[in-house]
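Hi everyone, thanks for making time.

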Amino acid sequence: MDLQERSILLTGAGSGIGAAMALELAARAARLTLAGRRREPLEEVAAMLRERGGQAHVVALDLTVPGAPAAAVAAAQDHFGGVDVLINNAGNVRAGRLETLDESEVLAQIALNLTAPILLTRAAIPALRASGDGLVVNVSSGIGLIGMPFYSTYAATKAGIAHFGEALRRELYGEGVHVLTVYPGATSTPMMDSSQAGTEHGFEYESPEDVATAVVAGMEQGALTVVRGGATRSAMITLNREDPAAVDRTLFARKAALEEAVAEHSSI
Ligand SMILES: NC(=O)c1ccc[n+]([C@@H]2O[C@H](COP(=O)([O-])OP(=O)(O)OC[C@H]3O[C@@H](n4cnc5c(N)ncnc54)[C@H](OP(=O)(O)O)[C@@H]3O)[C@@H](O)[C@H]2O)c1
(Lines give C-alpha, C1' and ligand atoms only; values in the text may rest on other atoms or scores of the structure.)
Protein backbone atom coordinates (compact mmCIF):
# COMPACT_ATOMS: atom_id res chain seq x y z
CA MET A 1 0.00 0.00 0.00
CA ASP A 2 1.19 3.50 -0.86
CA LEU A 3 0.53 5.53 2.30
CA GLN A 4 1.26 8.93 0.72
CA GLU A 5 -1.51 11.38 1.61
CA ARG A 6 -3.87 8.65 2.81
CA SER A 7 -6.58 9.57 5.31
CA ILE A 8 -5.80 7.55 8.44
CA LEU A 9 -7.90 7.29 11.59
CA LEU A 10 -5.56 6.34 14.45
CA THR A 11 -6.89 5.61 17.94
CA GLY A 12 -4.80 6.01 21.08
CA ALA A 13 -2.63 8.50 19.19
CA GLY A 14 -1.58 10.67 22.12
CA SER A 15 1.06 8.38 23.62
CA GLY A 16 3.18 5.25 23.27
CA ILE A 17 2.90 3.14 20.13
CA GLY A 18 0.10 5.33 18.72
CA ALA A 19 2.12 8.55 18.93
CA ALA A 20 5.15 6.79 17.42
CA MET A 21 3.03 5.46 14.53
CA ALA A 22 1.61 8.94 13.92
CA LEU A 23 5.11 10.38 13.60
CA GLU A 24 6.25 7.54 11.34
CA LEU A 25 3.20 8.12 9.11
CA ALA A 26 3.86 11.86 8.97
CA ALA A 27 6.96 11.09 6.91
CA ARG A 28 4.50 9.81 4.24
CA ALA A 29 2.57 13.10 4.33
CA ALA A 30 -0.40 11.13 5.60
CA ARG A 31 -3.54 12.93 6.70
CA LEU A 32 -4.18 11.78 10.25
CA THR A 33 -7.22 11.90 12.49
CA LEU A 34 -5.90 11.40 16.01
CA ALA A 35 -8.34 9.95 18.54
CA GLY A 36 -8.11 9.53 22.31
CA ARG A 37 -9.72 10.83 25.47
CA ARG A 38 -7.31 13.63 26.45
CA ARG A 39 -7.10 16.50 23.97
CA GLU A 40 -3.76 17.91 25.15
CA PRO A 41 -1.44 15.00 24.24
CA LEU A 42 -3.30 14.59 20.93
CA GLU A 43 -2.71 18.29 20.12
CA GLU A 44 0.98 17.89 20.98
CA VAL A 45 1.30 14.97 18.54
CA ALA A 46 -0.69 16.94 15.93
CA ALA A 47 1.74 19.87 16.24
CA MET A 48 4.72 17.52 15.73
CA LEU A 49 3.01 16.00 12.69
CA ARG A 50 2.43 19.38 11.11
CA GLU A 51 6.09 20.30 11.69
CA ARG A 52 7.00 17.18 9.69
CA GLY A 53 4.74 18.00 6.76
CA GLY A 54 1.74 15.91 7.77
CA GLN A 55 -1.85 17.04 8.25
CA ALA A 56 -3.58 16.31 11.53
CA HIS A 57 -7.02 16.58 13.01
CA VAL A 58 -7.79 15.83 16.67
CA VAL A 59 -10.90 14.05 17.98
CA ALA A 60 -11.06 13.85 21.77
CA LEU A 61 -13.54 11.18 22.85
CA ASP A 62 -13.91 8.08 24.99
CA LEU A 63 -14.25 5.20 22.52
CA THR A 64 -16.12 3.06 25.04
CA VAL A 65 -19.09 5.44 25.14
CA PRO A 66 -22.02 4.35 22.94
CA GLY A 67 -21.89 6.18 19.62
CA ALA A 68 -18.26 7.28 20.00
CA PRO A 69 -16.73 4.80 17.48
CA ALA A 70 -19.12 5.98 14.76
CA ALA A 71 -18.47 9.62 15.73
CA ALA A 72 -14.71 9.13 15.37
CA VAL A 73 -15.12 7.64 11.90
CA ALA A 74 -17.50 10.45 10.89
CA ALA A 75 -14.98 13.06 12.12
CA ALA A 76 -12.21 11.58 9.96
CA GLN A 77 -14.51 11.32 6.96
CA ASP A 78 -15.81 14.87 7.30
CA HIS A 79 -12.37 16.41 7.79
CA PHE A 80 -10.42 14.56 5.11
CA GLY A 81 -13.22 13.51 2.73
CA GLY A 82 -12.84 9.77 3.38
CA VAL A 83 -11.03 7.10 5.37
CA ASP A 84 -8.40 4.89 3.73
CA VAL A 85 -6.91 3.34 6.86
CA LEU A 86 -8.27 2.61 10.34
CA ILE A 87 -5.67 1.81 13.01
CA ASN A 88 -7.29 0.29 16.09
CA ASN A 89 -4.50 0.97 18.56
CA ALA A 90 -6.11 2.37 21.74
CA GLY A 91 -5.95 -0.24 24.49
CA ASN A 92 -5.75 -0.71 28.22
CA VAL A 93 -4.66 -3.42 30.65
CA ARG A 94 -5.28 -4.55 34.20
CA ALA A 95 -3.17 -7.49 35.41
CA GLY A 96 -3.78 -9.64 38.44
CA ARG A 97 -5.58 -12.83 39.46
CA LEU A 98 -8.96 -12.90 37.80
CA GLU A 99 -10.88 -13.18 41.05
CA THR A 100 -9.15 -10.07 42.45
CA LEU A 101 -10.09 -7.81 39.55
CA ASP A 102 -13.06 -5.52 39.97
CA GLU A 103 -15.92 -6.23 37.60
CA SER A 104 -15.40 -2.71 36.22
CA GLU A 105 -11.75 -3.57 35.38
CA VAL A 106 -12.83 -6.67 33.46
CA LEU A 107 -15.47 -4.75 31.54
CA ALA A 108 -13.20 -1.77 30.82
CA GLN A 109 -10.66 -4.02 29.06
CA ILE A 110 -13.32 -5.73 26.96
CA ALA A 111 -14.95 -2.40 26.09
CA LEU A 112 -11.78 -0.70 24.84
CA ASN A 113 -9.72 -3.62 23.50
CA LEU A 114 -12.49 -5.57 21.80
CA THR A 115 -15.89 -3.87 21.52
CA ALA A 116 -14.59 -0.43 20.47
CA PRO A 117 -12.36 -1.67 17.59
CA ILE A 118 -15.13 -3.93 16.30
CA LEU A 119 -17.58 -1.01 16.29
CA LEU A 120 -14.99 1.34 14.78
CA THR A 121 -14.33 -1.14 11.99
CA ARG A 122 -18.04 -1.68 11.40
CA ALA A 123 -18.55 2.08 11.10
CA ALA A 124 -15.52 2.52 8.82
CA ILE A 125 -16.17 -0.28 6.32
CA PRO A 126 -18.26 1.81 3.87
CA ALA A 127 -15.52 4.46 3.72
CA LEU A 128 -12.76 1.85 3.49
CA ARG A 129 -14.58 0.17 0.58
CA ALA A 130 -15.07 3.54 -1.12
CA SER A 131 -11.33 4.12 -0.81
CA GLY A 132 -10.74 1.20 -3.20
CA ASP A 133 -7.57 0.31 -1.28
CA GLY A 134 -8.65 0.26 2.36
CA LEU A 135 -6.78 -1.13 5.34
CA VAL A 136 -7.64 -2.00 8.94
CA VAL A 137 -4.73 -2.38 11.35
CA ASN A 138 -5.61 -4.07 14.64
CA VAL A 139 -3.09 -3.80 17.46
CA SER A 140 -3.29 -7.05 19.41
CA SER A 141 -0.41 -8.21 21.66
CA GLY A 142 2.06 -11.06 22.02
CA ILE A 143 -0.30 -12.09 24.82
CA GLY A 144 -2.87 -12.66 22.07
CA LEU A 145 -0.60 -15.46 20.80
CA ILE A 146 0.42 -16.90 24.14
CA GLY A 147 -1.81 -16.54 27.19
CA MET A 148 0.19 -15.30 30.17
CA PRO A 149 -0.92 -15.91 33.76
CA PHE A 150 -2.47 -12.88 35.50
CA TYR A 151 -3.49 -11.42 32.10
CA SER A 152 -6.51 -13.64 31.43
CA THR A 153 -8.97 -10.88 30.52
CA TYR A 154 -6.38 -8.89 28.56
CA ALA A 155 -5.39 -12.13 26.76
CA ALA A 156 -9.03 -12.79 25.90
CA THR A 157 -9.43 -9.33 24.36
CA LYS A 158 -6.16 -9.51 22.42
CA ALA A 159 -6.80 -13.04 21.09
CA GLY A 160 -10.33 -11.86 20.32
CA ILE A 161 -9.25 -8.87 18.25
CA ALA A 162 -6.72 -11.02 16.40
CA HIS A 163 -9.34 -13.60 15.47
CA PHE A 164 -11.79 -10.84 14.58
CA GLY A 165 -9.20 -9.47 12.16
CA GLU A 166 -8.49 -12.86 10.58
CA ALA A 167 -12.18 -13.55 10.01
CA LEU A 168 -12.77 -10.07 8.63
CA ARG A 169 -9.74 -10.27 6.33
CA ARG A 170 -11.33 -13.34 4.74
CA GLU A 171 -14.78 -11.74 4.71
CA LEU A 172 -13.41 -8.74 2.78
CA TYR A 173 -10.91 -10.63 0.62
CA GLY A 174 -11.10 -9.51 -3.01
CA GLU A 175 -13.18 -6.47 -2.03
CA GLY A 176 -10.43 -3.86 -1.68
CA VAL A 177 -10.08 -3.89 2.12
CA HIS A 178 -7.15 -5.64 3.80
CA VAL A 179 -6.66 -6.38 7.51
CA LEU A 180 -3.27 -6.43 9.28
CA THR A 181 -2.85 -7.70 12.85
CA VAL A 182 0.03 -6.41 14.97
CA TYR A 183 1.37 -8.34 17.96
CA PRO A 184 3.71 -6.05 19.92
CA GLY A 185 5.85 -7.52 22.66
CA ALA A 186 6.73 -5.52 25.77
CA THR A 187 7.16 -1.93 24.62
CA SER A 188 8.35 1.03 26.70
CA THR A 189 5.18 3.12 26.84
CA PRO A 190 3.02 4.63 29.59
CA MET A 191 0.98 1.38 29.58
CA MET A 192 3.96 -0.45 31.09
CA ASP A 193 4.91 2.16 33.71
CA SER A 194 3.13 0.25 36.49
CA SER A 195 4.59 -3.18 35.60
CA GLN A 196 7.72 -4.46 37.31
CA ALA A 197 8.07 -7.45 34.94
CA GLY A 198 11.39 -7.44 33.09
CA THR A 199 13.57 -9.76 31.04
CA GLU A 200 13.78 -12.22 33.95
CA HIS A 201 10.05 -12.76 33.43
CA GLY A 202 10.35 -13.11 29.64
CA PHE A 203 9.49 -9.48 28.81
CA GLU A 204 12.12 -8.06 26.41
CA TYR A 205 11.35 -4.35 26.02
CA GLU A 206 11.69 -2.39 22.82
CA SER A 207 10.95 1.21 21.91
CA PRO A 208 7.59 2.35 20.50
CA GLU A 209 9.54 3.84 17.59
CA ASP A 210 10.88 0.41 16.59
CA VAL A 211 7.37 -1.07 16.79
CA ALA A 212 5.99 1.82 14.70
CA THR A 213 8.67 1.39 12.03
CA ALA A 214 7.82 -2.32 11.75
CA VAL A 215 4.07 -1.66 11.62
CA VAL A 216 4.34 0.97 8.89
CA ALA A 217 6.63 -1.33 6.88
CA GLY A 218 4.02 -4.10 7.30
CA MET A 219 1.28 -1.72 6.10
CA GLU A 220 3.31 -0.82 3.01
CA GLN A 221 4.13 -4.45 2.24
CA GLY A 222 0.57 -5.75 2.63
CA ALA A 223 1.63 -8.03 5.48
CA LEU A 224 -0.96 -10.17 7.29
CA THR A 225 0.80 -9.92 10.64
CA VAL A 226 3.60 -8.03 12.37
CA VAL A 227 4.95 -9.96 15.36
CA ARG A 228 7.39 -8.33 17.80
CA GLY A 229 8.72 -9.39 21.20
CA GLY A 230 12.24 -10.67 20.65
CA ALA A 231 13.78 -14.11 20.37
CA THR A 232 12.72 -15.48 23.77
CA ARG A 233 9.06 -14.61 23.23
CA SER A 234 9.19 -15.98 19.68
CA ALA A 235 10.59 -19.31 20.92
CA MET A 236 7.86 -19.47 23.58
CA ILE A 237 5.13 -18.81 20.99
CA THR A 238 6.48 -21.68 18.86
CA LEU A 239 6.68 -24.00 21.88
CA ASN A 240 3.14 -22.99 22.86
CA ARG A 241 1.87 -24.26 19.48
CA GLU A 242 3.85 -27.49 19.65
CA ASP A 243 3.71 -28.37 23.35
CA PRO A 244 1.51 -26.03 25.42
CA ALA A 245 1.92 -28.20 28.54
CA ALA A 246 5.67 -27.48 28.43
CA VAL A 247 4.88 -23.76 28.54
CA ASP A 248 2.61 -24.38 31.55
CA ARG A 249 5.55 -26.01 33.36
CA THR A 250 8.01 -23.25 32.39
CA LEU A 251 5.67 -20.50 33.57
CA PHE A 252 4.84 -22.40 36.77
CA ALA A 253 8.47 -22.12 37.83
CA ARG A 254 8.24 -18.30 37.62
CA LYS A 255 4.62 -17.87 38.62
CA ALA A 256 5.04 -16.39 42.10
CA ALA A 257 7.65 -13.86 40.93
CA LEU A 258 5.53 -12.85 37.96
CA GLU A 259 2.44 -12.40 40.11
CA GLU A 260 4.34 -10.02 42.37
CA ALA A 261 5.90 -8.13 39.47
CA VAL A 262 2.57 -7.42 37.74
CA ALA A 263 0.42 -6.93 40.86
CA GLU A 264 0.07 -3.17 40.26
CA HIS A 265 0.05 -3.29 36.46
CA SER A 266 -2.88 -1.16 35.31
CA SER A 267 -3.38 1.50 32.66
CA ILE A 268 -7.13 1.88 33.13
N1 LIG B 1 3.21 -1.36 25.67
C2 LIG B 1 3.22 -2.67 25.52
O3 LIG B 1 4.08 -3.37 26.10
C4 LIG B 1 2.21 -3.35 24.62
C5 LIG B 1 2.41 -4.70 24.32
C6 LIG B 1 1.49 -5.36 23.50
C7 LIG B 1 0.41 -4.66 22.98
N8 LIG B 1 0.24 -3.36 23.29
C9 LIG B 1 -0.94 -2.67 22.73
O10 LIG B 1 -0.52 -1.52 22.02
C11 LIG B 1 -1.58 -0.57 22.01
C12 LIG B 1 -1.02 0.79 22.41
O13 LIG B 1 -0.58 0.70 23.75
P14 LIG B 1 0.58 1.61 24.37
O15 LIG B 1 1.54 0.69 24.99
O16 LIG B 1 1.05 2.61 23.38
O17 LIG B 1 -0.24 2.26 25.58
P18 LIG B 1 -0.54 3.75 26.04
O19 LIG B 1 0.66 4.61 25.89
O20 LIG B 1 -1.19 3.61 27.36
O21 LIG B 1 -1.60 4.23 24.95
C22 LIG B 1 -2.94 3.90 24.99
C23 LIG B 1 -3.70 5.04 24.34
O24 LIG B 1 -5.10 4.71 24.33
C25 LIG B 1 -5.84 5.87 24.70
N26 LIG B 1 -7.06 5.47 25.38
C27 LIG B 1 -7.16 4.82 26.58
N28 LIG B 1 -8.44 4.65 26.91
C29 LIG B 1 -9.17 5.20 25.90
C30 LIG B 1 -10.57 5.34 25.66
N31 LIG B 1 -11.48 4.86 26.54
N32 LIG B 1 -10.98 5.96 24.53
C33 LIG B 1 -10.07 6.45 23.66
N34 LIG B 1 -8.74 6.34 23.81
C35 LIG B 1 -8.31 5.71 24.93
C36 LIG B 1 -4.91 6.64 25.64
O37 LIG B 1 -5.16 8.04 25.62
P38 LIG B 1 -6.16 8.71 26.68
O39 LIG B 1 -5.75 8.20 28.03
O40 LIG B 1 -5.97 10.18 26.50
O41 LIG B 1 -7.51 8.27 26.25
C42 LIG B 1 -3.53 6.35 25.07
O43 LIG B 1 -3.12 7.33 24.16
C44 LIG B 1 -2.65 -1.11 22.97
O45 LIG B 1 -3.68 -1.72 22.23
C46 LIG B 1 -1.90 -2.15 23.77
O47 LIG B 1 -2.74 -3.17 24.28
C48 LIG B 1 1.12 -2.67 24.09
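Let's begin at the ligand. There are 28 residues around it, and those that come nearest are Gly12, Gly16, Arg37, Gly91 and Met191. "Around" here means that the C-beta atom, placed from the backbone, lies within 6 Å of the molecule. Before I go on, a word on what you're looking at: this is a predicted model, where local features need pLDDT of at least 70, side-chain atom pairs count only at pLDDT 80 or more, and totals for chains, interfaces and linings use all residues. Numbering runs from 1 along each chain as its sequence is written.

So what is that shell made of? It splits into 10 nonpolar, 15 polar and 3 charged residues. Helix 1, residues 16-26, gives the most to the shell, with 3 residues. Helices (H or I, at least four residues) and strands (E, at least two) are DSSP runs, numbered from the N terminus.

Pairing needs at least two DSSP bridges between two strands. Touching means C-beta atoms, placed from the backbone, within 7 Å; the axes are lines fitted to C-alpha atoms, for helices over the stretch in contact, with angles from 0 to 180 degrees between N-to-C directions.

Let's zoom in on strand 2. Strand 1 (residues 7-11) and strand 2 (residues 31-36) pair in the parallel sense over 5 bridges. Leu10 stands opposite Leu34, and Leu9 opposite Thr33. Is strand 2 enclosed or open? 6 of its 6 residues are buried, so it is largely enclosed by the rest of the structure. Buried means 20 or more other C-beta atoms within 10 Å of the residue's own, exposed means 12 or fewer, and partly exposed is in between, with C-beta atoms placed from the backbone. In a regular strand, side chains alternate between the two faces of the sheet. Here Arg31, Thr33 and Ala35 point one way, and Leu32, Leu34 and Gly36 the other.

Leu9, Leu10 and Leu34 come back in the largest nonpolar core, which has 74 residues; they are among those with the most contacts inside it, as is Ala124. Such a core is a set of buried Ala, Val, Leu, Ile, Met, Phe, Trp, Tyr and Cys residues joined through C-beta atoms within 7 Å. Ala124 touches Leu9, Val73, Val83 and Leu86, leaving out residues up to four places away in sequence.

One last stop: Ala29, in the loop between helix 1 and strand 2. Its phi is positive, about 55°, although it's not a glycine. With 15 C-beta neighbours inside 10 Å, Ala29 counts as partly exposed. That's my tour, thanks!

Key:
Ala, Val, Leu, Ile, Met, Phe, Trp, Tyr, Cys and Pro count as nonpolar, Asp, Glu, Lys and Arg as charged, and the others, Gly among them, as polar. Two residues are in contact if their C-beta atoms, placed from the backbone, lie within 7 Å.
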